[in-house]
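Here is a short note for a colleague who is opening this structure for the first time. Please read the points in order, with the model in view.

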Amino acid sequence: MDWWVLLRNARQNGQVYTAFPNILGTPVNPAFVKAVWRVFDNMVNPQHIKDVTGNNKSDEFYYCLTLGELWKIMEADWLLIRDMFASDAV
């Protein structure tokens, strides 16, 4: 399960973003979880909603982000997600 699917499902089941001091065992900054939560709160494009709904989802979340949303997520916890763009070795 991708980390964002865990958050998506939790939000759909009525949990709040403050319930996630870690994601899949990795400590996270609360601002990071809040930024992701906000993406789902503000998602209104029917195609985007369809793209991130259901099982077997992987990269779809990233395709639905605006540059501003991506920036907020990166700004909230760059150290956590920087490997998505390039490893430290690179």
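1. A crossing is left-handed if the near helix is turned anticlockwise from the far one by less than a right angle, and right-handed if clockwise. By that rule, α2 and α5 make a left-handed crossing.

2. First, the ground rules. This is a predicted model, in which local features need pLDDT of at least 70, side-chain atom pairs count only at pLDDT 80 or more, and totals for chains, interfaces and linings use all residues. Residues are numbered from 1 along each chain as its sequence is written, and side-chain values use heavy atoms, with hydrogens and water left out. Helices (H or I, at least four residues) are DSSP runs numbered from the N terminus.

3. Back to α2 and α5. Helix α2 covers residues 30-42 and helix α5 covers residues 67-76. Their axes come within 8 Å and cross at roughly 165°. Axes here are lines fitted to C-alpha atoms over the stretch in contact, with angles from 0 to 180 degrees between N-to-C directions. The two helices are therefore roughly antiparallel (angles over 145 degrees).

4. Which residues of α2 meet α5? They are A31, F32, A35, V36 and V39, and their partners in α5 are E69, K72, I73 and A76. Contact means heavy atoms within 4.5 Å. Ala, Val, Leu, Ile, Met, Phe, Trp, Tyr, Cys and Pro count as nonpolar, Asp, Glu, Lys and Arg as charged, and the others, Gly among them, as polar.

5. Helix α1 (residues 3-12) also approaches α2: the axes come within 10 Å and cross at roughly 65°. This crossing is right-handed. From α1, the contact uses W3, W4, L7, R8, A10 and R11; from α2, it uses F32, V33, V36, W37, F40 and D41. Nine of these residues are nonpolar, none polar and three charged.

6. Now the open space. The largest pocket holds about 200 Å³. A pocket is an open set of points on a 1 Å grid over the protein atoms alone, with protein on both sides within 12 Å along at least five of seven lines; a cavity is a set where a 1.4 Å probe fits but cannot get out; lining residues have an atom within 4 Å of a point. Points are joined across faces, edges and corners, and volume is the space filled by probe spheres set on them. Helix α2 gives the most to the pocket lining, with six residues. The lining has four nonpolar, two polar and four charged residues.

7. What lines the largest cavity? W3, F61, Y62, L65, L70, I73, I81 and M84 do. All eight are nonpolar. The space is about 40 Å³.

Conventions
Angles under 35 degrees count as roughly parallel, over 145 as roughly antiparallel, 65 to 115 as roughly perpendicular and the rest as oblique.
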